Amino acid sequence: TSHSGNIGSAARAMKTMGLSKLYLVDPACEIDSQASALAAGATDVLGNAVIVGTVEEAIADCTLTIGTSARSRTLSWPMVEPRECGEKLVAEAVNGPVALVFGRENSGLTNEELQQSHFHLHIPTNPDYGSLNLAMAVQTVCYEVRMQFLEQDEMPEVTQAYPRVEALEQFYQHLESTLTDTGFIIRQHPGQVMTKLRRLFNRARPEENELNILRGIL
């Protein structure tokens, strides 16, 4: 975040929809009086905010992460809209931490940061004018999460045990190292191999025991 007011407004948007776990990644500003003023009655969310240095730290223990993207990228990734995003997050939150990742106010998430998410979220705004500020985007998505939470008694329980993001990153490092050692990836010219493999495994969403098999193979 670049402006403290956005932190306060995002906290307010979260609390109105029953969400309280706010992580700030390398914020360019402190939580100050402006943040508190715009948070209105959500100063408890601000007070409990966790500050980390990288996106990796913020999502390391999550089993599902959904990154927000305002535009289509060169390499397509599994996409969801806000309603489906709410469904996925609520369904899986019973089994472990999940995360919604919002990017910088002016440029959003980088391609590298987006590749750490299982799905990309796009809010289908007016194609002629799709300008949403950060707090508006947070409010829109948190509303869909809230609506799904209120309907959760009717939803089937998710029983799969999915690996944490940290375990997936270790797998990707192991995979890249092995492919480099065997000569499949040329160190000087790696190309898009790992990006495409990340997309493949994110789409497949291996469970914990499946990931252990893959690590064993490597």
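This is a predicted model: local features need pLDDT of at least 70, side-chain atom pairs count only at pLDDT 80 or more; totals for chains, interfaces and linings use all residues.
Residues are numbered from 1 along each chain as its sequence is written, and side-chain values use heavy atoms, with hydrogens and water left out.

**Stop 1: the second largest pocket.** Select T68, S69, A70, L132 and A137, which lie nearest the centre of this pocket among its 23 lining residues. A pocket here is an open set of points on a 1 Å grid over the protein atoms alone, where a 1.4 Å probe fits and protein lies on both sides within 12 Å along at least five of seven lines; lining residues have an atom within 4 Å of a point. Points are joined across faces, edges and corners, and the volume is the space filled by probe spheres set on them. The lining splits into eight nonpolar, 11 polar and four charged residues.

**Stop 2: the largest pocket.** Now pick K21, L22, Y23, A99 and L100, the residues nearest the centre of the largest pocket, which has 46 lining residues. Its space comes to about 1400 Å³. The lining holds 30 nonpolar, nine polar and seven charged residues. Colour α7 and you have the element that gives the most to this lining, with six residues. Helices (H or I, at least four residues) and strands (E, at least two) are DSSP runs, numbered from the N terminus.

**Stop 3: S117.** Jump to the loop between α6 (111–114) and β6 (119–121), where S117 is found. S117 is buried, at 2% relative accessibility; buried means under 20% relative accessible area, exposed over 50% and partly exposed in between, with a 1.4 Å probe and protein chains only. Leaving out residues up to four places away in sequence, S117 touches T65, I66, G67, W77, V101 and N202, contact being heavy atoms within 4.5 Å.

**Stop 4: salt bridges.** The whole structure has six of them, each a side-chain nitrogen of Lys or Arg within 4 Å of a carboxyl oxygen of Asp or Glu. Start with K88 and E84, at 3.8 Å, N to O. Why are these two about one helical turn apart? Because they sit four residues apart in helix α5. K88 is partly exposed at 26%, and E84 is partly exposed too, at 34%.

Next, select R205 and E92, whose closest N and O atoms are 3.0 Å apart in a salt bridge. This pair links distant parts of the chain, 113 residues apart: R205 is in the loop between α9 (193–204) and α10 (208–217), and E92 is in helix α5. R205 is buried at 14%, and E92 is buried at 5%.

Finish on R198 and E169, a salt bridge with its closest N and O atoms 2.7 Å apart. R198 in helix α9 and E169 in helix α8 are 29 residues apart. R198 is buried at 14%, as is E169 at 16%. Beyond its neighbours within four places in sequence, E169 contacts Q116 and R198.

Key: Ala, Val, Leu, Ile, Met, Phe, Trp, Tyr, Cys and Pro count as nonpolar, Asp, Glu, Lys and Arg as charged, and the others, Gly among them, as polar.
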